[in-house]
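Look at the structure, then read on.

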Amino acid sequence: MVDPDTDALAGLAAPARAPERHPVPRRRRRPVVTRVVLGAVVPVTLVALWQALGSIGALRTFVPTPFEVAVAFAAFLDPTATGPALPGTVGFAGQGLAHVGASVQLLLSAYVVAVAIGVPAGAALALSPLFRSLTDPMVQGLRAIPIFAWLPLAIVWFGLGPAPARFLVVVGAVFPILVATADAVARVPRAWVETARMLGTPRRQLLRRVYLPAALPGIVVGCRLGVSLGWMSVIVGEFVSTSTLGIGVMMDSARMTGRLDQVVVGMVCFAVLGLLSDTVLRVASARWTRWART
């Protein structure tokens, strides 16, 4: 029989056990095929519902059916279909690649400028108190202005043509990149910077060797937001463009002729291009941001 007093004394004399630590489990990523299938469930269901309602005539006056959109899309991408008959007119049939190519070229030419402005300016905003005091109120005010509000000034400043469209895309894409970069650089732990300094990193190299690599996941998020808003700005710029090529140009022409199926084709093109550009950014940056995943 165990003496209760002896047992209590033995318990007091035993060393205190350290609390058991449970490592944070890594988030399991589903296989690519599973993620693709899960991501397609809701869109396919909505399209099926859309087709069912359209087949019974419930949506006839509001929007064409998915089948009608698919027929228009096939004609849009068919290179053997008839193109524009007169110079200066906006074609649809057989002009898909030309319209998509013009919009992609517009986005890329402006997006590169937005990244070249947004990343350095965001880093300066985070690291320079003087620069932040001088520019932060202006940045926070300017980024709240809707992209349509820039349209009259863009036409006055750059005239008609591709220049105002590029300006609008730059304005639409630069602020998410700038703000995300500033926030990501400001969140770099001070201990990392001090450790780099103790290991002999010169102060002038801290930005390249510490701040930017540590802030890269946040910068990528800003670039992804920037490319999405850039696509939204592309259609605004193309609505006022004098060119006959571009998805927005095609959609504006289809709107004026009452071809809602062609308008929906343009919307589908923007959705696919936005998804592809976001995927490209995520895949291209995965190698350098893998360390930030949990």
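D278 is buried, because its relative accessible area is 14% and buried means under 20% relative accessible area, exposed over 50%, and partly exposed in between (1.4 Å probe, protein chains only). This is a predicted model, in which local features need pLDDT of at least 70 and side-chain atom pairs count only at pLDDT 80 or more, while totals for chains, interfaces and linings use all residues. Residues are numbered from 1 along each chain as its sequence is written, and side-chain values use heavy atoms, with hydrogens and water left out.

**The partners of D278**

D278 has a charged partner in R282. Their side chains meet in a salt bridge of 3.3 Å, N to O. The term salt bridge has a cut-off: a side-chain nitrogen of Lys or Arg lies within 4 Å of a carboxyl oxygen of Asp or Glu. R282 is partly exposed, at 40% relative accessible area. Where do R282 and D278 sit? Both are in helix α11 (residues 260-289). They are four residues apart there, so about one helical turn separates them. Helices here are DSSP runs of H or I with at least four residues, numbered from the N terminus. R224 joins in as well: R224, D278 and R282 are linked in a network of salt bridges.

**Other salt bridges**

How many salt bridges does a search of the whole structure find? The search finds six.

Take D183 and R187. D183 is partly exposed, with 39% relative accessibility. R187 has a relative accessible area of 62%, so R187 is exposed.

Now take R190 and E194. Both belong to helix α8 (residues 190-198). They are four residues apart, about one turn of the helix. Is R190 buried or exposed? R190 is exposed, because its relative accessible area is 54%. E194 is partly exposed, at 43%.

**A residue in another helix**

A98 lies in helix α4 (residues 96-127). Its relative accessibility is 31%, so A98 counts as partly exposed. How far apart are A98 and T244 in sequence and in space? In sequence, 146 residues separate A98 and T244. In space, the distance between A98 and T244 is 9.9 Å, C-alpha to C-alpha.

How values were computed: Helices (H or I, at least four residues) and strands (E, at least two) are DSSP runs, numbered from the N terminus.
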